[in-house]
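Student: I am new to this structure. Can you show me how to read its metal and ligand sites?

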Amino acid sequence: RAKEAGKNRFFVFNAEHDRKLQARWQQIQRLHQALECNEFLLHFQPKVDLITGEVLGAEALIRWQHPEEGMLAPGLFLPHLEGSDLEIDLGEWVIDSALRQMEIWHAEGLMISVSANVSANHLLQSNFTERLRLALERHPGAQPGKFELEILETAALSDMGQAARTLASCRELGVRFALDDFGTGYSSLTYFRDLPVDILKIDQSFVRDMLDDPNDLGIVEGVVRLAQAFNRQVIAEGVESMDHGALLLSIGCHICQGYGIARPMPAEALPEWIGHWREAKEWSALNHTSED
Ligand code: C2E
Ligand code: MG
Ligand code: MG
Ligand code: MG
């Protein structure tokens with residue numbers, strides 16, 4: 001009897017395992033189809049300098065225009081791709097599309113930088129640099145020095161040596177790197193020490209809560225100091241209000257990104273938004289207020 005029960009349990013476990021595998025396979029097939037049918041697109045969220053008022057760049061954020069379910073955020077589909085070949089193909093699509101958009105903007109005289117998010121698995125591909133070089137060649141109108149890659153700092157970079165070499169060779173192409181969501185991973189400082197990155201993006205959870213929580217404010221201040229001490233650029237994400245902006249300016253962080261400035265938007269909407277932003281008196285007054 002015991003043997004039979006054991007057998008049964010094994011069977012149950014197996015069936016469930018099969019179901020999960022099958023579900024994953026179906027999800028990946030569907031996402032494959034989505035890539036082929038051009039259902040993915042990039043939205044762009046501006047990054048602004050609160051001292052000069054200038055729009056410095058925009059972060060490319062992937063969306064899935066699902067025929068039945070509407071516009072889907074990356075959190076709903078990227079996790080299904082982790083570890084698959086499609087994760088790499090989609091990553092290549094993102095880089096190519098972001099460069100194409102930057103090329104269009106640069107041709108229009110809008111010389112902003114563009115950043116794209118890159119997953120750890122993608123970055124660790126042995127031909128990553130070579131493929132990036134080819135992508136840059138396909139878009140000669142896009143200045144490599146204005147292209148940035150954001151590495152999710154919480155993503156487990158299983159091979160730090162390989163990651164550091166890839167970053168170094170990509171930087172020779174002119175491309176810059178940012179550590180995304182800085183401060184949330186288990187090894188933020190190790191990443192900071194061992195990877196040749198140019199930019200730290202303070203995670204939005206710290207920024208959002210820093211107005212009420214002295215611990216979060218302390219962390220934000222600490223990251224700003226760290227960046228200053230090592231001559232790195234620092235960007236605050238999750239700037240939801242002008243109060244956030246004013247506080248960030250007062251502690252020396254002037255490059256900001258967040259819903260309070262602008263939500264991610266279709267590429268076509270960005271030039272018009274920039275026009276409005278330049279006339280937005282409230283935000284430009286911040287700088288003067290913070291100097292009083
Ligand atoms: P992330 O790179 O840290 O991007 C910032 C996320 O925070 C975006 O969500 C953005 O819409 C959201 N956000 C911006 N400002 C605010 C704010 O003021 N308040 C709040 N609450 N949220 C804000 P999104 O587009 O849903 O992307 C989520 C994450 O998915 C990204 O986080 C990034 O890790 C990943 N991701 C997005 N696009 C790509 C991509 O093309 N490739 C890869 N590998 N990952 C991507
Ligand atoms: Mg990012
Ligand atoms: Mg982030
Ligand atoms: Mg994030």
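This is a predicted model: local features need pLDDT of at least 70, side-chain atom pairs count only at pLDDT 80 or more; totals for chains, interfaces and linings use all residues.

Student: Which residue bridges the magnesium ion (ligand 2) and the magnesium ion (ligand 3)?

Tutor: Aspartate 180 does, and the two ions lie 4.2 Å apart. Glutamate 150 is in strand β5 and aspartate 180 in strand β6. They are 30 residues apart, so to speak of the pair is to speak of a link between distant parts of the chain.

Student: Now the other site. How many residues surround ligand 1?

Tutor: There are 23, and the closest are Arg63, Asp180, Gln204, Glu240 and Tyr259. By type, the shell holds nine nonpolar, six polar and eight charged residues.

Student: Which side chains have a polar atom by an oxygen atom of ligand 1?

Tutor: Take three of them. Glutamine 204 has a polar side-chain atom 2.7 Å from a ligand 1 oxygen. For arginine 63, a side-chain N or O atom is 2.8 Å from an oxygen of the ligand. Aspartate 180 also has such a distance, 2.8 Å. As for cover, ligand 1 has 800 Å² of accessible area on its own, and the protein covers 81% of that.

Student: Where does ligand 1 sit?

Tutor: In the largest pocket. β2 (55–66), β5 (147–152), β6 (176–182) and α8 (204–209) each give two or more residues to its shell. β2 gives the most, with four residues.

Methods. Residues are numbered from 1 along each chain as its sequence is written. Chains are lettered from A and ligands numbered from 1 in the order in which they are written. Side-chain values use heavy atoms; hydrogens and water are left out. A residue is near a molecule or strand if one of its heavy atoms lies within 4 Å of it. A polar contact is a pair of N or O atoms within 3.5 Å; within protein, one must be able to donate a hydrogen and the other to accept it, and residues adjacent in sequence count only if both atoms are side-chain atoms. Accessible areas come from the Shrake-Rupley method with a 1.4 Å probe; for residues, only the protein chains shown count as cover. On a 1 Å grid over the protein atoms alone, a cavity is a set of points where a 1.4 Å probe fits but cannot get out, and a pocket is an open set with protein on both sides within 12 Å along at least five of seven lines; lining residues have an atom within 4 Å of a point. A molecule sits in a cavity or pocket if more than half of its atoms lie within 2 Å of its grid points. Ala, Val, Leu, Ile, Met, Phe, Trp, Tyr, Cys and Pro count as nonpolar, Asp, Glu, Lys and Arg as charged, and the others, Gly among them, as polar. Donors are N, O and S atoms within 2.8 Å of the metal (3.2 Å for Na, K and Ca); water is not among the atoms, so sites may look incomplete.
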